[in-house]
Amino acid sequence: MVMVQNLGKQREIFDGGLDEEGVRQTMQIDPQGIGVVPEWAASLPVVHRAVERGRIKVVAGTLPEAKAPRVEVAAPAPAPSTLADVVTALRALPAEQRALLAAELLQG
Amino acid sequence: MTAIHDLSRYVRGGNLPAGLVPLSGYDMDAIEQHVLAVHADARRLHADAAQPVSWTGALWERWLSGGKHADSKVNPRLLEGARVMLRARSLKQRAQVHADSGTTLPSAALRMTILGPDIVQPFQSAADILDTIPRRGVQGDQLGYRRRFVIPGSGGGVTVLRGDQTLTNTVEVAWQEEFRPLHWAGIGVTRGWMEQRLAAAAGVPVEAYKQTALDRAFTEFYRDLRLNGISGLDVLSMADNPALLRINSSVVLGTANIQTVYAEIVRVCTLAAEISPADMGPNTIILTDRIMNRLLGTTSLPTQGITARDEFLKTLQEVGITKIVKGKSLRNFGGSNIDGMALLRLGGDDGMAAVQGFDAAPVYTYQGPQGEVTIVACSFGDLEQPVGDGSLIALFEVTPW
């Protein structure tokens with residue numbers, strides 16, 4: 001268990017990235033506030049940095065080794081770039097829309 | 001090289017940090033009388049002859065003679081300070097001038113305590129911070145001023161308004177005031193004797209060189225004051241103003257993919273707008289060139305031809321940010337390669353302002369053991385933030401180019 005105190009006058013929010021389920025996690029410490037740090041937060045590089053800079057003091061326990069959290073968001077699917085890709089994308093449309101599209105194209 | 005010397009802050013007594021010595025027999029009224037006397041004397045001397053004998057005299061005669069007072073080439077602060085410039089040939093003459101004016105000058109051997117390290121002059125403008133945050137003038141010779149802030153009308157404690165109110169639809173605001181100290185300071189601008197000789201030998205116009213040095217000292221002093229404050233003085237800055245929320249982001253700009261970088265920066269900006277229960281969120285963003293560069297040159301989505309930066313600018317409009325300022329002052333604000341991005345509410349009655357009392361003015365120049373020293377006096381207060389909601393500084397680690 002690690003307890004820390006915020007030595008500054010500003011409320012600090014520490015971004016913990018995403019947990020295993022993809023939910024964002026953050027830790028907030030009020031000015032001069034003391035509290036127990038969750039396990040996932042104790043290993044955050046930003047927390048380690050704050051301790052090194054003297055903004056936060058560890059009052060009980062020791063911080064585990066720093067480990068960068070998962071932050072990457074998924075990249076969107078690439079856009080179709082060849083005719084084959086366009087046809088594939090169109091084939092994936094519902095039947096009704098395919099029929100409408102075909103009628104449009106045949107009309108010229 | 002310059003250093004900050006505590007000259008007159010504690011002239012009136014009061015609680016002194018350890019190591020500081022009050023300048024006995026040298027009070028604020030005397031400073032003011034001296035300033036006015038020197039002003040009158042300089043005018044009289046200027047009318048007599050046009051022979052510069054020191055850089056201050058040259059400056060006075062070059063820029064302030066014969067109706068050139070409105071010359072826009074002179075930094076306005078220096079123009080203001082020029083009112084108190086001395087024309088002095090020697091210590092003996094200066095002593096005579098001051099003796100005539102009836103005031104007592106501190107001797108060249110006065111003991112001054114250095115409050116901070118030398119101000120190294122980086123080659124970058126402070127326009128992003130100093131020109132963006134407006135100044136609020138207060139009477140410069142007072143002991144303190146009244147800091148304004150807003151408290152919730154629901155009867156909460158006397159704190160700066162933050163975003164954790166239970167009121168969801170409306171918020172009443174009431175002005176409160178708190179008495180805060182107004183600090184006097186003296187800035188010693190030291191031009192080493194070697195510097196002086198080198199400048200003269202290279203053909204650099206000495207007057208212009210010295211004027212530039214003084215101007216740089218002002219700029220760096222005020223920039224550092226507003227960003228970091230002064231250790232040992234109770235003056236609020238961006239580093240410790242309780243109205244500013246501080247966010248430490250785990251996304252490393254330059255390592256994470258562009259979608260993540262863009263999403264994170266937008267998340268911070270929308271938070272700033274969201275946590276304000278009233279329409280008092282930030283309207284200005286100050287970010288560094290490095291943060292902005294990480295958004296440049298890369299499409300935010302492969303299907304679109306616009307960059308992440310363009311998307312970001314549109315998003316800012318959506319959250320009410322009307323002014324974007326890019327500069328270098330917040331570089332390394334959170335540590336080495338940890339840049340800051342500030343979202344602030346500026347302008348109007350409820351926006352952030354830098355409290356300024358007596359504007360910086362040269363008061364006294366003497367030849368010290370390490371070179372020529374010009375003592376400049378000024379007074380200043382906090383970085384005032386009447387409404388705190390939504391204003392924040394986000395720190396991002398940035399990988400070098």
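# Close-up views of a predicted two-chain model

By the rule that a salt bridge is a side-chain nitrogen of Lys or Arg within 4 Å of a carboxyl oxygen of Asp or Glu, the count comes to 15 salt bridges over all chains. This is a predicted model, in which local features need pLDDT of at least 70 and side-chain atom pairs count only at pLDDT 80 or more, while totals for chains, interfaces and linings use all residues. Residues are numbered from 1 along each chain as its sequence is written, chains are lettered from A and ligands numbered from 1 in the order in which they are written, and side-chain values use heavy atoms, with hydrogens and water left out.

**View 1. The place where chain B touches chain A.** In this view, 32 residues of chain B are in contact with 21 residues of chain A, where contact means heavy atoms within 4.5 Å. The area buried between chain B and chain A, that is, the accessible area (1.4 Å probe) that two parts lose on being put together, summed over both, is about 2300 Å², and carbon and sulfur atoms give 50% of it. In chain B, the residues that lose the most area to chain A are R246(B), N248(B) and S250(B), which together account for 26% of what that side buries.

View 2. On the side of chain B that touches chain A, β7 (245-253) and α8 (258-274) each supply at least two residues, the names referring to DSSP runs numbered from the N terminus, with helices (H or I) of at least four residues and strands (E) of at least two. The largest share of that side, seven residues, comes from β7(B). The count of salt bridges between chain B and chain A is three, and one of the salt bridges in the model brings together the side chains of R24(A) and E264(B), at 3.7 Å from N to O.

**View 3. A strand of chain A beside a strand of chain B.** Strand β2 (residues 12-18) of chain A and β7(B) pair in the parallel sense over three bridges, and two strands are said to pair if DSSP finds at least two bridges between them. Within this pairing, which residue stands opposite N248(B) in β7(B)? The residue in that position is F14(A).

**View 4. A salt bridge within chain A.** The side chains of E12(A) and R55(A) meet in a salt bridge with an N to O distance of 2.5 Å. E12(A) lies in strand β2 of chain A and R55(A) in the loop between α2 (45-52) and β5 of chain A, so the pair ties together parts that are 43 residues apart in sequence. Both E12(A) and R55(A) are buried, where buried means under 20% relative accessible area, exposed over 50%, and partly exposed in between (1.4 Å probe, protein chains only).

View 5. The side chains of D234(B) and R180(B) meet in a salt bridge at 3.1 Å, N to O. This pair links distant parts of the chain, with D234(B) in the loop between α7 (206-228) and β7 of chain B and R180(B) in strand β5 (residues 173-181) of chain B, 54 residues apart. D234(B) is partly exposed, with a relative accessible area of 36%, whereas R180(B) is buried, with a value of 8%. D382(B) also forms a salt bridge with R180(B), the closest N and O atoms being 2.7 Å apart. D382(B) lies in strand β13 (residues 371-384) of chain B, 202 residues apart from R180(B), and D382(B) is buried, as is R180(B).

**View 6. A strand of chain B covered on both faces.** In a regular strand the side chains alternate between the two faces of the sheet. Strand β11 (residues 353-356) of chain B is covered on both faces, with A353(B) and V355(B) on one side and A354(B) and Q356(B) on the other, all of them buried. Strand β3 (residues 135-137) of chain B pairs with β11(B) in the parallel sense over three bridges, and the bridge partner of G137(B) in β11(B) is Q356(B).
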